[in-house]
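User: I would like to learn how to read contacts, sheets, cores and salt bridges from a model. Can we take them in turn?
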Amino acid sequence: RSVLGSLSDVKENLEDTSLGRLYYRSRGAHGLEKAEDGDISSEIMKRRWVPSIFKSMPWECFQFAGYEIKITETTDCYGAYVWPSALVLCYYLEHSQKENSLIDKNVIEIGAGTGLVSIVAGLLGCHVIATDLPHLLGNLQYNISRNTKLRSKYQPQVRELRWGVDLENKFPRSACQYDYIMAADVVYSHPYLDELLMTFDHLCQDNTIILWTMRFRLDEDNDFVKKFQCIFDTEVIYDLPTLQIKLYKAKRKVLQIG
């Protein structure tokens, strides 16, 4: 099956699927109607299934972009498990193609974890750089390679990125210009929220779009959103109370002179 053929099939058949109908009925500037939250949350979570017979290495399977995606993971590490926020972002990427084609776009994912979001973005035709901490890169590379080889138009890259550390040296603003920054569930109980905000700020150019899914757990999560909104114009695309997840779309604020 060719990559271009796969992308074309996804686009042509989107509105004929139950997921497509849900998306096109519920999209809008202010997110989802409450009556549709349960429906769309249920449909998103159906994209995940686990094997009936467990092997020595745990894995889960997902259905996105017309492919079965097998992800190796572990529950022993936050960054090596697929959290529901990643599924919400993958669902949006797949079902927003009519409005925002990802073909040939430059994408960087921060906190890529197991790589599911980067894999789906790659299958949809993006140039992708998946980033995370050093101890997660081996599994990240493995998942990306096994699920995108001979499937993706461009083979995704895997790179180390420590939030807030040596950003200009490793990701110089003059050379690293991204159409999209993607992040799923990068805000949780950790002491690096200021560094995370610094990383968003460094990677985001004037025309960059940030797509960020977040599950709300603590009051500190709302504090981070407020700081984020001081730098970026932010729109809620999905609000899913059933999953306690929101999907944000953001761009850098335009400075008013005079």
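User: Leaving aside neighbours within four places in sequence, which residues is Arg252 in contact with?

Analyst: First the ground rules. This is a predicted model, in which local features need pLDDT of at least 70 and side-chain atom pairs count only at pLDDT 80 or more, while totals for chains, interfaces and linings use all residues. Residues are numbered from 1 along each chain as its sequence is written, and side-chain values use heavy atoms, with hydrogens and water left out. Contact means heavy atoms within 4.5 Å. On that basis, Arg252 touches Arg173, Asp201, Cys204, Gln205, Asp206, Ile231, Phe232 and Asp233.

User: Is Arg252 buried or exposed?

Analyst: Buried means under 20% relative accessible area, exposed means over 50%, and partly exposed is in between (1.4 Å probe, protein chains only). Arg252 is buried, with a relative accessible area of 18%.

User: Which backbone oxygens does the side chain of Arg252 reach?

Analyst: Here the term is polar contact: a pair of N or O atoms within 3.5 Å; within protein, one must be able to donate a hydrogen and the other to accept it, and residues adjacent in sequence count only if both atoms are side-chain atoms. The side chain of Arg252 reaches the backbone oxygen of Asp201 at 2.5 Å. The backbone oxygen of Cys204 is 2.8 Å from a polar atom of that side chain.

User: Where does Arg252 lie in the secondary structure?

Analyst: Helices (H or I, at least four residues) and strands (E, at least two) are DSSP runs, numbered from the N terminus. Arg252 lies in strand β10, residues 245-252.

User: In what order do the seven strands form the open sheet?

Analyst: Two strands pair if DSSP finds at least two bridges between them. The order is β6-β5-β4-β7-β8-β10-β9, with mixed pairing. The edge strands, each pairing on one side only, are β6 and β9 (232-240). From one strand to the next, the twist averages 20°.

User: How many bridges join β8 to the strands that it pairs with?

Analyst: Strand β8 (residues 209-215) pairs with β10 over six bridges in the antiparallel sense, and five bridges join β7 to β8 in parallel. Thr213 of β8 is the bridge partner of Ala184 and also stands opposite Leu247 in β10. Leu211 faces Lys249 in β10 as its opposite residue. Six of the seven residues of β8 are buried.

User: Which strands does helix α5 lie across?

Analyst: For angles, axes are lines fitted to C-alpha atoms, for helices over the stretch in contact, and values run from 0 to 180 degrees between N-to-C directions. Helix α5 (residues 116-123) lies across β4 (106-109), β5 (127-132) and β7 (180-184), at about 175° to β5. Helix α6 (residues 137-148) lies across β5 and β6, at about 170° to β6.

User: Which members of the largest nonpolar core touch the most other members?

Analyst: In soluble globular proteins, nonpolar side chains tend to be buried together. A nonpolar core is a set of buried Ala, Val, Leu, Ile, Met, Phe, Trp, Tyr and Cys residues joined through side-chain atoms within 4.5 Å. In the largest core, of 45 residues, they are Ile69, Leu93, Leu116, Met182 and Tyr238. Helix α4 (residues 84-95) gives the most to this core, with eight residues. Apart from it lies another core of 29 residues, among them Ala183, Val186, Phe200 and Trp212.

User: How many salt bridges are there?

Analyst: A salt bridge is a side-chain nitrogen of Lys or Arg within 4 Å of a carboxyl oxygen of Asp or Glu. The count is six. Glu160 takes part in one with Arg162, at 3.0 Å between the closest N and O atoms, and in another with Lys170, at 3.9 Å. Since Glu160 lies in strand β6 (residues 157-160) and Lys170 in helix α7 (residues 167-170), this pair ties together parts that are ten residues apart in sequence. Asp194 and Lys227 also meet in a salt bridge, at 3.7 Å from N to O. Asp194 is in helix α8 (residues 193-203) and Lys227 in helix α9 (residues 219-231), so that pair ties together parts 33 residues apart in sequence.

User: Which residues do shared partners join into one network?

Analyst: Glu160, Arg162 and Lys170 are joined in this way. Arg162 is partly exposed at 41% relative accessible area, Glu160 at 28% and Lys170 at 35%.
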